Amino acid sequence: MKTILVCVAGLTPQIITETLYYYLIEKKPPIWIDEINVLTTSEGKDIIVNSLLNKKDGVFYKFLSDYNIGFNKIKFDENSVIQLGGDSCVKDIATDMDSAIIGNEIVNYVKNLAIDNNVRIICSIAGGRKTMSVYLSLGLQLYGREQDILSHTLVSPDFESIKDFFYIPPEEKIITVKDKNGLIIKTLNTKNAKIVSSEIIFVRLRNFLNVKDELFYDDLVGIVQKKVDYCGTKLISIDLKNRALLLGNKKVILKPIEICIYNLFLSLKKKCIQEFCGNCMDCYMSLNEMRSQEAYKSLLEFYNIIYSENSGQYDRLQESFKNDGKGEDFFSQNISKINKTLKQHLNPFEFAFYKISKVGKYNKRYGIYVDKKNILS
Ligand SMILES: [Zn+2]
């Protein structure tokens with residue numbers, strides 16, 4: 001299995017070599033790193049490339065030679081330093097917009113790496129802006145597999161943010177720390193430095209998501225949240241004859257035509273071929289589809305359970321369907337009425353699950369989010 005170390009870094013490239021040092025030298029037994037990828041801002045990229053990857057005196061090469069590691073053993077070059085923000089080259093994360101762009105990018109980055117089962121990812125959150133480390137962790141939480149590691153490297157306080165300290169060398173070295181004016185404040189011996197890393201356990205939510213989906217972070221969270229909530233007791237059963245919907249532990253009585261329309265959506269959901277619907281839209285209907293002969297037929301079947309055939313009510317409904325007398329308004333108005341009644345009886349969370357939702361930007365489709373495994377009858 002190949003191991004890729006993914007670091008977020010800003011203006012302190014030290015964190016990259018410190019983490020590398022930890023996994024290769026300090027950790028017992030060590031974890032070999034095959035490749036390093038760094039996610040950073042445009043400013044960060046220049047600093048990282050100059051200090052670590054400079055062909056003449058880059059610290060990364062110095063580290064390799066100090067520890068007798070062949071220069072081609074670990075893949076890490078200018079192309080491994082990924083500048084976030086795409087074409088817009090985010091210089092720093094200063095606004096909500098920067099955060100959203102970068103967050104989304106980091107999460108997607110982790111997702112793409114986590115597609116290959118022969119790759120283990122170690123996500124190191126020690127560097128960069130906090131926003132970056134938070135999104136790196138969240139990305140791993142959404143897409144990480146059993147083999148992946150979330151890691152935080154810590155350096156003993158004396159050596160933390162010391163410009164010239166990048167790792168503990170095999171032979172001790174004295175580092176002089178100067179102030180702004182170039183005056184020596186203190187000297188440090190690298191033999192006193194400690195680099196440790198704590199591995200943070202995290203919930204893996206990957207099974208709730210379809211890795212093929214190209215979604216924004218906000219949408220991913222929405223999907224996972226709904227699915228996690230679903231593991232609860234969001235059950236639903238329908239008693240057509242008594243026009244009753246049993247939603248969790250609540251009972252809601254609807255008008256005859258309303259309960260039939262609601263049942264139309266439930267039966268569509270039950271027939272859906274998806275194992276877990278989530279954001280599936282196959283079990284949603286457009287207003288046009290509701291006015292199909294097939295839908296009319298189902299509605300009449302349901303209606304027949306409430307009002308027997310040849311009763312005035314049944315005949316009138318059948319007649320109006322025949323002439324397609326029920327326009328789109330018939331459905332949209334009834335859907336509004338159903339939702340209004342549901343809203344009166346349910347708390348906002350319950351309402352979100354059981355209401356007839358309208359989805360899609362242009363071709364609006366209607367359906368119920370509740371999953372079919374939660375439909376009891
Ligand atoms: Zn479905």
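What span should the 14 residues of helix H5 have at 1.5 Å a residue? The answer is 20 Å for residues 130–143, and the end C-alpha atoms are 20 Å apart, which agrees. The expected span is 1.5 Å times one less than the number of residues. Helices (H or I, at least four residues) and strands (E, at least two) are DSSP runs, numbered from the N terminus.

This is a predicted model, in which local features need pLDDT of at least 70 and side-chain atom pairs count only at pLDDT 80 or more, while totals for chains, interfaces and linings use all residues. Residues are numbered from 1 along each chain as its sequence is written.

Burial is judged from C-beta atoms placed from the backbone: a residue is buried if 20 or more others lie within 10 Å of its own, exposed if 12 or fewer, and partly exposed in between. In H5 the buried residues include Met-132, Tyr-135, Leu-136, Gly-139, Leu-140 and Tyr-143. Helix H1 (residues 14–26) has 10 of its 13 residues buried, so it is largely enclosed by the rest of the structure. Among them are Ile-15, Ile-16, Leu-20 and Tyr-21.

Two packed helices are described by the angle between their axes and the distance between the axes. For helix H4 (residues 96–113) and H5, the axes come within 8 Å and cross at roughly 40°. Axes here are lines fitted to C-alpha atoms, for helices over the stretch in contact, with angles from 0 to 180 degrees between N-to-C directions. H4 and H5 are therefore oblique to each other; angles under 35 degrees count as roughly parallel, over 145 as roughly antiparallel, 65 to 115 as roughly perpendicular and the rest as oblique. Contact means C-beta atoms, placed from the backbone, within 7 Å. On the H4 side the contact residues include Ile-102, Gly-103, Ile-106 and Val-110, and on the H5 side Met-132, Tyr-135, Leu-136 and Gly-139 are among them.

The loops hold some backbone exceptions. Between H1 and strand E2 (35–40) lies Pro-29, joined to Lys-28 by a cis peptide bond with omega of about -15°. Ser-161, in the loop between strand E5 (149–155) and strand E6 (174–178), is not a glycine but has a positive phi of about 50°. Ser-161 is exposed, with 10 other C-beta atoms within 10 Å. Arg-243 also has a positive phi, near 55°, and sits in the loop between strand E9 (236–239) and strand E10 (244–247). With 19 other C-beta atoms within 10 Å, Arg-243 is partly exposed.

Terms used. Contact = placed C-beta atoms within 7 Å.
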